[in-house]
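Below is a colleague's note for someone meeting this structure for the first time. Please read the numbered points with the sequence and the model side by side.

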Amino acid sequence: MEFKNFSLFIKHTKVGKTFAEALESGKVFGTQCEKCGRTFFPPRPECPDCLEEEMAYVEIPTKGTLLTFTAIFVPPAHYGISPPKMPFARVTQTPCPVGVVEVGNGLRVMGWIPDVDLKDLKVGDPFEVEARALRNGQLTIVLKPAGGNVPK
Ligand SMILES: [Zn+2]
């Protein structure tokens, strides 16, 4: 996989390659400090607590609860949401939900919440974190309601 397929700008980081390869295989990786055991997401190349540089990749929990959310009106191009067909218009009129899900170990994952109406979201709802390939081939992280509590 090439870094150009990842939707976030990580290709110049120490941890980008393994992280992107994990996403491609449907896994979301964080890093865990070999010295103190603390886990981080997004992955970090060093532990900020004990300054250890030996970090191991670990798959993070993907089930959690919606901690917060908001709507953006100018989504990134890789979401594949077409803007209105007006000259010079770059603003999408439909709000595009994004949020933060808290999974196990207190880790927080931010991502796009596709295919869900903003009015159906509620803080505290059970959510899942998922690695997803978008229509244009880019990889990203999406958040989706778990347990069928949120109607589509
Ligand atoms: Zn540490």
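1. Two residues are taken to be in contact if their C-beta atoms, placed from the backbone, lie within 7 Å. By that rule, and not counting residues up to four places away in sequence, V28 touches A22, L23, E59, I60, T62, V129, A131 and I141.

2. Two remarks on the basis of this note come next. The model is a predicted one, in which local features need pLDDT of at least 70 and side-chain atom pairs count only at pLDDT 80 or more, while totals for chains, interfaces and linings use all residues. Residues are numbered from 1 along each chain as its sequence is written.

3. The protein has 1 helix and 8 strands, where helices (H or I, at least four residues) and strands (E, at least two) are DSSP runs numbered from the N terminus. Read from the N terminus on, the elements follow the order α-β-β-β-β-β-β-β-β. Among contacts between residues at least 6 apart in sequence, 54% join residues at least 24 apart.

4. A residue is called buried if 20 or more other C-beta atoms lie within 10 Å of its own, exposed if 12 or fewer do, and partly exposed in between, with the C-beta atoms placed from the backbone. On this count, 27% of the 152 residues of the protein are buried.

5. A nonpolar core is a set of buried Ala, Val, Leu, Ile, Met, Phe, Trp, Tyr and Cys residues joined through C-beta atoms within 7 Å. The largest such core here has 24 residues, and those with the most contacts inside it are V28, V101, V109, I113, V129 and L143. Two or more residues are given to this core by each of α1 (16-24), β4 (63-72), β5 (96-103), β6 (108-112), β7 (126-133) and β8 (139-145). The core also draws at least three residues from each of domain 1 (1-60) and domain 2 (61-147), the domain bounds coming from an automatic or database domain assignment. In soluble globular proteins, nonpolar side chains tend to be buried together.

6. Which residues of α1 are buried? They include F19, A20 and L23. These residues lie on the same side of α1, because they cover an arc of only 95° around the axis, the arc being that of the directions from the helix axis to the C-beta atoms. The buried residues of α1 pack against β1 (29-33), β7 and β8. Just after the helix, G26 takes a positive phi of about 85°.

7. Two strands are said to pair if DSSP finds at least two bridges between them. An open sheet is formed by 3 strands in the order β2-β1-β3, with antiparallel pairing; its edge strands, each pairing on one side only, are β2 (39-40) and β3 (55-59). Between β1 and β2 the antiparallel pairing extends over 2 bridges, and T31 has F40 in β2 as its bridge partner.

8. Further antiparallel pairing involves β4, which is joined to β7 by 3 bridges and to β5 by 8 bridges.

9. Leaving aside its neighbours within four places in sequence, F69 is in contact with P97, V98, G99, I113 and L121. F69 and G99 are 30 residues apart in sequence and 3.9 Å apart in space, C-alpha to C-alpha.

10. Two other residues can be set beside that one. R108, found in strand β6, counts as partly exposed because it has 13 C-beta neighbours inside 10 Å; leaving aside neighbours within four places in sequence, R108 is in contact with L67, V100 and E102. V123, in the loop between β6 and β7, is exposed, with 11 other C-beta atoms within 10 Å. Not counting residues up to four places away in sequence, V123 touches L66, L67 and T68.
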